[in-house]
Amino acid sequence: MRASIKAILAAAAAILPALASLAPAAAQHLRIGLREDPDILDPTLSRTYVGRIVYMALCDKLFDINERLEVVPQLATGFRWESPTQLLVTLREGVRFHDGTVMDAEAVRYSLNRHLTMQGSFRRSEIADMERVEVVDPLTVRILLKAPSASFLSALTDRAGMIVSPRAAEELGRNFGTRPVCAGPFRFVERVAQERIVVERFRDYWDAGNIHFDRVTYLPIPDNTVRLANLQSGAVEFAERMEPDDLRTIQRNRNLRAVAVDELGYQGITINVANGERANTPLGRDARVRRAFELAIDRAAVNQVVYGGMYTPTRQPFPPASPFHVRDFQPEPRNVERARALLREAGVATPLTVEMTVPNNPDLRQVGEVIQAMVAEAGFNLQLRAMEFASSLQAAQRGDFQTYLVGWSGRVDPDGNIYAFTRSGGGQNDGRYSDPEVDRLLDAARSELDIEKRKDLYAEVLRISLGRDAHRIYLWHRKNIMAHSARLVGYRPVSDGMIRLQGMRLQ
Amino acid sequence: MSAAAIPAGESPSRRALRRFLRHRLAVFGLVVVVLFILAAVLAPLIAPYDPLQTSWARIRKPPSFEHWMGTDENGRDVLSRVIWGARASLMAGVVSVLGALCIGVPLGLLAGLAGGWADAVISRIADAMLSVPFLILAIALAAFLGPALENAMLAIAITASPVFVRLSRGMALDAKSTDWIEAARALGNPPWRTAFVHVLPNIIPPLLVQASLAIAEAIIAEAALSFLGLGQQPPQPSWGSMLNSSQRFLTQAPWLSIFPGATIMLVVLAFNLMGDGLRDALDPRAEKR
Amino acid sequence: MGLWLLRRVGQVLPTMLILSMLIFGLQQLMPGDPALILAGEERGDPQVLAAIRAELGLDRPLHEQYLIWMGKVLNGDFGFSWRIRVPVSELILAKLPVTFQLASMAFVIAVAIGVPLGILSAVRRDTPADWAANGAALFGISTPNFWLGIMMILLFSVELGWLPPSGYVPLTEDPWQSLATTIMPAFVLGTGVASVLMRHTRAAMLTALAQDYVRTARAKGLPERLVVWKHALRNALIPVVTLGAIEFGRLLAGAVLTEQIFTIPGFGKLIVDAVFNRDYPVVQGVVLATALIFILLSLVADILYMLINPRLRQA
């Protein structure tokens with residue numbers, strides 16, 4: 001009798017763990033703390049970095065990039081350049097949108113055209129080289145370009161490559177962003193502005209096996225201390241872009257993990273040189289005043305004070321790791337005397353009042369204050385104007401700024417870091433800088449396939465647009481410090497700072 | 001409260017002073033208030049460092065002999081910033097309440113003495129102002145006028161005035177009903193003279209009490225607005241904005257939060273104590289503690 | 001009673017009228033051209049601008065604009081948020097319950113702390129208990145609540161890890177979590193009101209205890225406890241109850257700072273965010289809504305006072 005009880009117990013002990021793994025795991029809910037609130041959730045119309053993070057859940061794209069920054073298939077399975085201006089893309093079979101419709105070549109054509117032609121599209125300058133899209137068969141498209149482009153493919157690894165459901169897009173029109181319907185691993189549930197964005201698992205996702213969460217909630221928490229406190233207390237499992245100061249705190253906490261990755265982008269100051277009447281200032285009109293402003297700033301010192309020296313001071317949009325980084329275009333050391341001399345030369349009465357729009361993050365406000373103190377010595381009276389991030393983007397776009405402290409998350413291809421910002425009519429060129437020679441160089445660089453020649457073209461662009469015209473002041477390249485609960489496994493940090501949910505799970 | 005019954009041999013102000021001095025806490029409050037005003041006025045002389053002087057080498061240093069309250073995230077001396085911050089608080093507190101008095105008292109007197117139509121309109125406007133909580137109105141003004149200390153002061157002055165309107169109106173109504181005012185009017189004294197000579201001196205005691213308490217509220221209000229980023233703008237120091245920037249360094253540099261916060265509390269406490277003491281001393285109907 | 005109510009409401013109307021004019025006037029202070037902002041990408045097109053101006057009535061004379069605006073407000077149309085194009089009234093109605101929950105909890109805490117302390121202080125007058133209670137009340141009034149909030153987060157969330165440092169869970173979703181997210185901000189909000197309530201309760205109790213009928217009761221030989229509870233307390237609570245209604249309104253304003261620190265998506269945070277978003281219609285709508293609530297609450301306070309205070313009943 002006793003032996004059989006023992007046997008039963010032994011059998012139970014053996015079987016139960018197996019049974020437990022068969023039983024459905026407890027609902028996995030991931031909460032991510034974002035640094036800002038995204039703008040409109042429409043891949044064609046959005047500009048925010050955090051919006052891209054949310055798209056990792058909502059909207060898959062034709063291609064993606066991996067940790068080595070190589071292009072990998074996502075909604076597309078492969079590509080082939082038939083000629084320098086003809087790109088053949090093969091699509092994945094059996095992909096469905098969240099509304100159940102099938103993704104086919106027609107949907108891809110629709111989406112790409114939408115990105116190119118829709119009123120107010122911020123993707124236009126990213127794929128401006130596209131002339132038209134041809135449907136070869138339901139799973140193949142041919143994209144014809146106006147000119148060869150070295151950067152076109154990389155544009156398809158971001159928002160310009162996101163495919164939306166044509167039915168939903170037609171139905172909702174400009175309100176698509178209130179209820180986006182794409183082909184990502186999660187479908188949209190709800191959004192409360194400046195509070196949360198909730199998405200739930202999409203059962204028919206093409207790569208469903210790799211998705212382990214039932215629900216993901218994105219919580220915008222601009223205040224760094226609060227975001228960290230939330231992570232420490234377990235209110236969120238992932239916090240993006242923490243500060244260098246917090247790195248040590250996080251590393252000392254056994255329940256947390258932190259990863260610091262060099263970013264693909266930069267932090268800089270955009271100057272309004274030709275966007276509306278607010279450009280009509282000594283700063284906006286005269287490059288000497290702008291260069292004086294730049295000379296008054298000691299990038300290394302600001303970096304040291306605010307970020308503990310963790311970031312990399314720079315004078316260009318290309319990070320050191322990029323093959324296109326121009327070695328001999330580095331920041332000049334701070335020179336207050338020369339700055340003052342330039343102001344005198346320009347005939348400007350000091351102190352000159354300049355306004356700087358600063359997104360409402362505590363560290364950026366501190367950067368503003370430090371710069372304020374520095375430029376005061378050169379004769380600038382800098383006034384800081386704190387604004388919520390998405391609103392500041394809108395304000396900058398309509399020219400309601402004098403200087404704007406803003407960053408860019410960066411793209412793998414150098415064109416993604418400079419074209420839209422420096423070329424006349426560029427979608428992100430809020431300062432409306434315009435120089436015909438620079439335009440010519442940028443267009444040429446876009447289609448130049450030889451790396452060395454391309455580098456030279458960009459070097460020339462920097463010399464003219466920054467060295468001579470100083471239309472922007474690049475400050476530093478940041479590190480994306482991503483922190484998460486130790487229970488979270490499978491996170492693959494990529495330089496673009498995105499949070500790719502494939503393979504991630506909570507233990 | 002009329003000037004009718006004066007005990008022989010001691011003026012009311014003398015008696016009030018004596019009663020005030022008997023409250024040790026009220027005296028403590030007065031002393032702190034005086035120190036606060038002195039600090040604000042004499043800031044250039046007594047602050048050890050320039051409050052705007054940044055020093056990248058001395059960031060977030062804990063309190064030491066060179067820096068009694070340590071340094072902040074930009075290397076500025078906290079003690080100097082606290083002393084200079086008293087200016088913003090003083091301006092917001094005292095100047096705003098003075099403004100409120102200048103607006104509220106004449107209007108209230110007018111309403112009470114003139115009565116009728118003027119009274120109705122002024123009372124309704126005062127009611128309208130009282131129905132928007134101060135902070136909400138101040139934030140709204142900051143939105144429309146832009147964030148600045150002057151706009152904060154304006155908001156505080158506007159929202160603090162209705163209380164004084166009510167108070168002076170009440171006093172004026174009280175005074176109107178006494179006999180000798182009727183007599184004065186019968187003699188042909190103009191109303192403004194009546195107000196000045198007869199009503200005003202009686203108003204001063206309760207006004208002092210109310211003003212003292214209003215200043216305490218105004219100081220917290222300015223700190224709150226600066227905390228939100230809508231009051232004193234950087235780099236000018238304000239206790240409220242210092243508290244705001246200190247949040248990031250709560251664990252690494254707690255002194256950045258402790259000193260400005262404790263200072264606000266101390267000064268506000270002092271004004272409250274002083275106000276309480278004044279109320280007890282000046283109002284003969286008040287309960288003996 | 002009905003007549004009194006009617007008269008009281010009638011008194012409120014001119015106040016609201018003047019208020020509406022003041023709030024409308026606020027709009028005139030606004031920098032920039034709203035048509036430009038609303039036009040978005042199409043702002044280069046003069047036809048679009050003209051159309052927007054006509055729609056908003058910006059081309060009409062000022063008093064006409066006011067009447068149009070008033071008409072819309074009376075219909076519940078408080079305008080549209082510039083940031084996310086939803087009706088302001090919708091935003092307000094969505095956020096108000098959150099702040100209401102916070103304010104209610106704060107009020108309960110304030111009454112639970114303030115009234116007993118006030119009674120204790122009055123009954124044990126001039127003893128150490130009285131001084132301690134008075135001291136606590138003074139500190140409660142003088143401490144900036146945003147400072148208190150920061151200190152509490154440091155202690156309870158970061159150091160002890162007992163409570164979440166920010167965020168909000170609706171009551172309907174998960175009552176326990178909801179309580180966890182709101183208890184700290186409610187406490188911070190409540191301390192200020194607790195202090196005020198304590199002082200007023202104390203003063204009212206002292207007055208009540210000195211009354212003739214209390215002396216009579218004592219002379220009759222009734223036990224002290226009965227004297228205090230039955231006679232003094234009932235009369236002392238009258239001003240407290242009416243004060244409470246007004247203080248509740250003040251809690252709405254105090255919530256602004258608390259919601260900011262604890263990241264609670266309520267009414268107060270709505271207006272602060274609106275300022276940094278330069279979202280003027282929302283700012284205006286919040287001011288209007290707050291004023292309406294306030295006026296309503298003081299009306300309620302007056303009614304309560306009428307109902308509870310037997311001596312005023314003859315009016």
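Me: How far apart do the centres of the positive and negative side chains of chain A lie?
Reply: Chain A carries 66 positive and 63 negative side chains. Lys and Arg count as positive, Asp and Glu as negative, with His and the chain ends not counted, and each charge is placed at NZ of Lys, CZ of Arg, CG of Asp or CD of Glu. The centres of the two sets lie apart by 4 Å.

Me: Before we go on, what sort of model is this?
Reply: Residues are numbered from 1 along each chain as its sequence is written, chains are lettered from A and ligands numbered from 1 in the order written, and side-chain values use heavy atoms, leaving out hydrogens and water. Local features need pLDDT of at least 70, side-chain atom pairs count only at pLDDT 80 or more, and totals for chains, interfaces and linings use all residues, as the model is predicted.

Me: What share of chain A's residues count as buried?
Reply: Buried means under 20% relative accessible area (1.4 Å probe, protein chains only). Of the 507 residues in chain A, the share is 59%.

Me: Along its principal axes, what does the C-alpha trace of chain A span?
Reply: Contacts come into this chain too: among those between residues at least 6 apart in sequence, 69% join residues at least 24 apart. The C-alpha trace spans about 105 × 55 × 40 Å.

Definitions and conventions: Buried < 20%, exposed > 50% of the residue type's maximum accessible area, 1.4 Å probe, protein only. Contact = heavy atoms within 4.5 Å.
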